[in-house]
Amino acid sequence: TKEPVLSPVQAIVVYTDKEVHGAVGSQVTLYCSFWSSEWVSDDLSFTWRYQPEGGRDAISIFHYAKGQPYIDEVGTFKERIQWVGDPHRKDGSIVIHNLDYGDNGTFTCDVKNPPDIVGKTSQVTLYVFEKVPTRYGVVLGAVIGGVLGVVLLALLLFYLIRYCWLRRQAALQRRLSAMEKGKLHKTAKDSSKRGRQTPVLYAMLDHSRSAKAASEKKAKGLGESRKDKK
């Protein structure tokens, strides 16, 4: 079986946030955008409806048509709604000022872009608090960020300590190498000095032997001359 093909009049789709939070006395933006198979029409229209928390009926509080925004003169929003949309960008957002606890409820955005006039609306729920609570995702993100920061700091310390240790080992190795080279140089110098002293000793021994031989020869000559005289 083939899937049914949507006709152009069923192609429009509206998008809003699922929920928004606001503090008493502050303001909040209700975003609304859409997708359509048609170009933005001059007859484009946006309609915002509001259903109070616990209420059954939804009332129209704002609509945009023929290039003009219109704030409905009913309900508590008639002096607190501001149009901030841009039809050319498919944006039908509004701002609600001076929030109050009574503003809690569901806001529905409906868009028509002739010939796309039929499609699903989208709803956003407004929660007004004395102080806007921190969202779970923000807390979780902060926790994860903190853990990652600790891990990165630990890794940084580890590599810093390792770098210092390796640098110290390299310095010790250089000192040992320098000491070894110094010992070898001293040994070679001593050997060279001993090599220079050996010929001197031999020369002294040769001179002593020569002197002794000359003395003996002289003594022998004197003895023979005495014999001749006799």
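C109 is buried, because its relative accessible area is 0%; buried means under 20% relative accessible area, exposed over 50% and partly exposed in between, with a 1.4 Å probe and protein chains only. This is a predicted model, in which local features need pLDDT of at least 70 and side-chain atom pairs count only at pLDDT 80 or more, while totals for chains, interfaces and linings use all residues. Residues are numbered from 1 along each chain as its sequence is written, and side-chain values use heavy atoms, with hydrogens and water left out.

| Cysteine | Relative accessible area | Class |
|---|---|---|
| C32 | 2% | buried |
| C109 | 0% | buried |
| C164 | 44% | partly exposed |

The structure holds one disulfide, a pair of cysteine sulfur atoms within 2.5 Å. C32 and C109 form it, with sulfur atoms 1.9 Å apart. C32 lies in the loop between β3 and β4 (33–35) and C109 in strand β10, 77 residues apart. The S-S torsion is about -75°, so the disulfide is left-handed.

Strands are DSSP E runs of at least two residues, numbered from the N terminus, and two strands pair if DSSP finds at least two bridges between them. An open sheet of three strands has the order β3-β9-β8, with antiparallel pairing. Its edge strands are β3 (28–30) and β8 (81–83). Three bridges join β8 to β9 (residues 94–96), and I81 stands opposite I96.

Note on methods: Helices (H or I, at least four residues) and strands (E, at least two) are DSSP runs, numbered from the N terminus.
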